[in-house]
Amino acid sequence: MANMAQAIRMALHYGEEKLGVREIFGEDVGAPLGGVFTVTQGLKTAWNSPLDERGIVGAALGLAWAGFRPVAEVQFVDYIFNTIDLLKLCGNSTWASGGKFPTPMVIMTPTGSGIHGSIYHSHSFDSIASKIHGMKVVCPSTPLDAYGLMLAAIKDDNPVLFLKPKALLRAKGEELIPGEPADEKALKDMIDAPIGDRTKWKPRWPDLTDFTVPIGQAKISHEGTDVTIVTHGRLAPVCLEVARDFEADGKGSVEVLDLRSLIPYDWKAITSSLKKTGRILFVNEDTEISNFAEHLFRRVIDEMFYELEVRPRLLCGKAVPGIGLSPVLEYASVPQKADVVRAIEAILAEPA
Amino acid sequence: MSKKVTPLTARSADPYMKLQPELLSRIHNLMVKGRVLEERLIKMSKGGDGFFWIGGPGEEGFNVPLGLQVKKGRGVQHDYLHLHYRSSSIMLAMGAQPIDTIRQMRTTITDPYSKGRNFVNHYAIPEWNVCPVSPTIETQYSTCIGTGIAQARSKSDGLTIVNGGDAGTAEGDFHSCLVWANRPALPLPILIIVVNNGFGISTPAHEQHGEKHISDWAKPFNMPAKTINGNDPVEAWFAIEEAMNYVRKERKPYMIEALTSRLHGHSSSSGANRVNEPDCISIFEENLLKRDLISKEEIQKHWDENRKECDVAYAQVKTEPYPQAEDIWTDVFVDGLDDSYPKKGGS
């Protein structure tokens with residue numbers, strides 16, 4: 001099975017071949033590196049830009065206005081903060097121009113913790129991203145979803161921020177990408193650049209086909225009846241593992257709703273699941289205080305109050321200035337599997 | 001009136017004589033059109049027929065020659081423009097109608113540039129490659145990189161034009177533009193323009209900028225550049241022509257720093273009253289009259305006709321509707337909003 005980095009790479013290749021993508025760029029995105037996480041390795045239209053995030057986002061916006069459907073990378077989401085006003089321009093250009101300037105572009109960037117990235121390689125940007133209105137925001141948790149969401153993002157006439165959970169980029173999926181060889185090693189031999197001299201290396205791409213995950217559509221990754229977890233990105237597989245454990249241990253039936261899209265989000269899927277379970281826990285790793293899920297939490301109380309058996313809950317990152325390098329500090333700052341287990345146990349234990 | 005025919009030998013020595021009298025008259029007419037429009041907008045702002053005003057009175061001498069030389073159209077074969085909010089005369093020279101700017105000032109739904117959403121002089125015309133003008137300072141120097149790349153990739157003589165003020169050159173976007181436009185891997189066909197009126201809102205440039213000329217920023221890149229008198233439309237015409245020819249042919253960037261006046265201050269925030277700085281239109285009229293290239297009657301006709309056009313346009317716009325409250329939801333996304341999108345503004 002492909003890992004998420006390979007899945008995104010294959011989606012970008014498909015975009016080059018079938019969807020008119022002509023410019024894939026960012027810092028170290030082109031040869032020889034092909035991206036610090038190898039997401040752009042071997043792509044024929046990938047090129048290296050200056051070390052200038054504002055220039056990268058501005059260039060992407062200009063290319064979008066020219067109809068080029070660019071895919072640009074900000075190397076780590078931690079570096080995206082100095083581009084906020086340009087991201088706002090991406091989000092508001094269609095609206096501000098009275099609908100005259102569609103902005104078909106993708107900005108992709110690795111997000112979140114989980115690789116011991118310390119203060120400036122562990123940020124989550126999810127909540128801030130959700131405030132850039134007019135921009136769609138997606139965040140996959142599996143290679144197949146990453147493939148399908150990237151194709152959807154490329155096809156979309158709106159700007160799409162594609163958040164890549166950096167801790168999952170090397171994680172393999174449980175489903176094949178359409179066209180992917182079943183043999184993992186065969187795929188690696190075909191599309192992973194060799195260590196060392198790469199000057200003569202060329203990828204051999206599998207015969208990929210279209211597969212789109214509609215933006216705005218969540219996925220039930222584990223069905224359940226006792227409690228709903230709403231999550232996305234790095235913590236989605238953690239929640240899935242917890243749900244499977246609870247099922248195996250007979251501790252409860254946990255439904256896991258992987259949002260996949262933060263903006264627009266799948267409110268119907270959330271309400272549908274909550275009607276079934278009556279209990280809801282939001283899990284993500286961005287920090288408390290104006291966390292994106294706090295909006296969902298408020299909306300649940302406003303619109304679903306009488307469906308709730310117990311109070312809703314939020315499990316998220318601690319509101320501190322950064323994530324410390326020491327594992328003790330990192331684990332204390334962002335939710336870990338044990339935190340999810342405790343939260344589920346608590347919400348299930350509360351009498352209705 | 002019939003004009004005197006100047007001998008060819010004299011024409012070659014005087015740049016004014018190198019342009020056809022009809023073109024000079026057209027430039028004058030458009031400069032007046034721009035001035036009359038801006039004065040109308042200021043009046044509307046002060047009179048409650050709109051809100052904030054910001055515009056370009058004092059920049060007509062540079063902007064009209066620029067607008068007239070744009071290769072106008074849609075797509076990479078034509079020129080892209082990434083402008084700031086003092087560019088009304090560029091737009092008028094390209095063929096925009098004053099009434100549409102008046103619509104934007106009055107925030108009517110008929111405003112073709114933003115449906116009543118943006119400040120005046122914030123143009124967005126896809127048919128002419130006029131990219132959305134933003135109130136943010138200098139971001140256009142980052143977005144111009146993108147259309148520059150698009151044109152560098154194409155077999156075209158189309159170029160990207162970016163303009164902005166002197167104060168904004170302190171922003172990183174200006175330097176992003178210089179670096180990206182001069183990448184050895186892919187030089188970009190961008191005409192980089194800085195209109196230097198000597199101020200950033202209330203702050204004099206000489207207090208903040210140690211560089212002798214802003215155009216000196218071109219030197220480290222070995223990029224051609226010129227500082228010109230932007231109050232003289234004839235000097236501006238030839239400087240723009242030379243720069244455009246270079247960029248179209250060489251597919252590399254060129255910088256022009258145009259020194260101009262700022263005749264009504266920064267914006268309505270500082271009162272928008274007329275200040276005592278050289279007026280490019282008065283100077284131009286004097287230069288044309290002393291060479292017998294225009295008559296006083298023709299000059300007056302330009303003023304009268306343009307004022308009348310603005311009067312008629314203003315009267316028309318006053319009859320046009322404002323946006324409706326529900327219009328805030330259109331254009332958030334190209335494909336519209338799902339029924340479940342939160343629209344209540346809270347609980």
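**Figure 1. The contact between chain A and chain B.** In this predicted model, 37 residues of chain A are in contact with 38 residues of chain B. Four helices of chain A each supply at least two residues of the side that touches chain B: H2 (53-65), H3 (84-96), H8 (267-277) and H9 (292-304). H2(A) gives the largest share, nine residues. By residue type, this side of chain A divides into 16 nonpolar, 12 polar and nine charged. The model scores ipTM 0.96 and pTM 0.96.

**Figure 2. The largest nonpolar core.** This core has 192 residues. A:Met150, A:Phe162 and A:Cys239 have the most contacts inside it. Helix H2 (residues 21-47) of chain B contributes the largest share, 10 residues. Chain A takes part through both domain 1 (4-191) and domain 2 (219-349), with at least three residues from each. In soluble globular proteins, nonpolar side chains tend to be buried together.

**Figure 3. Helix H6 of chain B.** H6(B) covers residues 140-153, 14 residues in total. From its first C-alpha to its last, H6(B) reaches 20 Å, close to the 20 Å expected at 1.5 Å a residue. Of its 14 residues, 13 are buried, so H6(B) is largely enclosed by the rest of the structure. The mean pLDDT of chain B is 95, and 97% of its residues reach 70 or more.

Methods: Residues numbered from 1 in each chain as written. Chains lettered and ligands numbered in written order. Predicted model: local features only at pLDDT ≥ 70, side-chain atom pairs only at ≥ 80, totals over all residues. pLDDT = per-residue confidence, 0-100. Contact = placed C-beta atoms within 7 Å. Nonpolar A, V, L, I, M, F, W, Y, C, P; charged D, E, K, R; others polar. Expected span 1.5 Å × (residues − 1). Buried ≥ 20, exposed ≤ 12 C-beta atoms within 10 Å, placed from the backbone. Core = buried A, V, L, I, M, F, W, Y, C linked by C-beta atoms within 7 Å. Domains from an automatic or database assignment.
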